[in-house]
Structures are given as structure tokens and as C-alpha cells.
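Subject: Structure handover

Hello,

Please find the structure we spoke about below. My notes on what was found in it follow.

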Amino acid sequence: QVQLVESGGGLVQTGGSLRLSCAASGLTLKSAVMGWFRQAPGLERAAVAAISWSGALTYYAESVKGRFTISRDNANNTVTLLMNSLKVDDTGVYFCAADQSWHIATEQRMSVPDNYDSWGQGTRVTVYS
């Protein structure tokens, strides 16, 4: 059974940083595209960042480019999202997700929530001014 557990959320002032981690079990992490998604109040879940099996391909939402960095450690089954220069608009619940299907990874595909088959419970990030 696949289990994804997020950690690292919290309350932070604008301009601050947070590091989110996703611990994966029950899957072969190196075979899965991994993504981070954000759900803000009243909005649909949207992709923030994603990373291909090898880490060679990444996707970032326009709003986080240059501020967020996604990385993966397949040996330790973890995926990390480093968030710098946080803004109030970054507030939301952040979910880790895995796409274990066999496919050719593209940025477009990695940005679509419906392509992911496993999800964590989320970790809340609140940025205040």
C-alpha cells in the first residue's frame, strides 16, 4: 500500500522559508513522477512543482519559479520542496503525490492532478504579512 507523508508545514512571515518533505513507502520511488500540489481556500488543487523519475525534468508553476526548488532522494524515498521568499498567496495545504504509471514525462503531464494515483494527507502552510 502506497503511503505518502508530508511534513514541514507551518506558519511563516512573508519573505521567509519553509522546507516540505514527503516520505514515501509502498512504492518504488525511482519509478514515480512526484509532484507537490497546493490547495488554497476556495480554490482547486493546483500543481506547484513536479519532478521526473531521474530528476532530469522539473515543472514549476509560474508563480513559484525562482523561489521554490523540488528535489528527490530516491535512495531514501523522499521528495523535498524548498520554498523561499514566501508570499501570502503561497498559503494553502500542500500535498505530495505520485504518478506511478509508465509514460513519457512532460511538464504538461506533470502539472495535471488527475495524472497522479497516490496522494498524501497534506501539510498546511500559512504565510502572513
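Leaving aside its neighbours within four places in sequence, which residues is serine 118 in contact with? They are Val2, Leu4, Cys96, Ala97, Ala98 and Gln100. Please keep in mind that this is a predicted model.

Serine 118 belongs to strand β10, which covers residues 118-119. The residue counts as buried because its relative accessibility is 11%, under the 20% cut-off. Its side chain takes part in two kinds of pairing listed here: a polar contact of 3.5 Å with the side chain of glutamine 100, and one of 3.0 Å with the side chain of aspartate 117.

Overall fold

In sequence order the pattern is β-β-β-β-β-β-β-β-β-α-β-β. The radius of gyration is 13 Å, close to the 14 Å from the globule rule for 129 residues, so the chain is as compact as a globular protein of that length. Along the principal axes, the C-alpha atoms fill a box of roughly 40 × 25 × 25 Å. Buried residues make up 44% of the 129. Of the contacts between residues at least 6 apart in sequence, 61% join residues at least 24 apart.

Strands around β8

Strand β8 (residues 78-83) pairs with β3 (residues 18-25) and runs antiparallel to it, with six bridges between them. Within this pairing, cysteine 22 has valine 79 of β8 as its bridge partner. Strand β7 (residues 68-73) is also antiparallel to β8, again over six bridges. Here threonine 69 is bridged to leucine 82 of β8. β7 and β8 make a hairpin, and four residues lie between the two strands.

Two residues with positive phi

Most residues other than glycine have a negative phi. Asparagine 77 is not a glycine, yet its phi is positive, at about 55°. Asparagine 77 lies in the loop between β7 and β8, in the turn of the hairpin. With a relative accessibility of 26%, asparagine 77 counts as partly exposed. Serine 85 also has a positive phi, of about 50°, and is not a glycine either. Serine 85 is in the loop that leads from β8 to β9 (92-99). Its relative accessibility is 40%, and it therefore counts as partly exposed.

Is arginine 67 buried or exposed? Arginine 67 is buried, because its relative accessible area is 10%, which is under the 20% cut-off. Arginine 67 sits in the loop between β6 (58-60) and β7. Not counting residues up to four places away in sequence, arginine 67 touches Leu82, Met83, Asn84, Ser85, Leu86, Lys87 and Asp90. That list includes Ser85, one of the residues with a positive phi described above.

Arginine 45 is placed against aromatic rings. It lies over the face of phenylalanine 95, 3.7 Å from the ring centre. The charged end of arginine 45 also sits over the ring of tryptophan 119, at 4.7 Å from the centre of that ring. Both rings belong to one aromatic cluster, formed by Phe37, Phe95, Tyr116 and Trp119. The structure as a whole holds five aromatic pairs.

Regards

Technical notes. Residues numbered from 1 in each chain as written. Predicted model: local features only at pLDDT ≥ 70, side-chain atom pairs only at ≥ 80, totals over all residues. Heavy atoms only, no water. Pairing = 2+ DSSP bridges. Phe/Tyr/Trp six-rings, centres within 6.5 Å; stacked < 30°, edge-to-face > 60°. Lys NZ or Arg CZ within 6 Å of the ring centre and 35° of its normal. Buried < 20%, exposed > 50% of the residue type's maximum accessible area, 1.4 Å probe, protein only. Contact = heavy atoms within 4.5 Å. Polar contact = N/O pair within 3.5 Å; in protein donor to acceptor, adjacent residues only side chain to side chain. Rg over C-alpha atoms; globule rule 2.2 N^0.38 Å.
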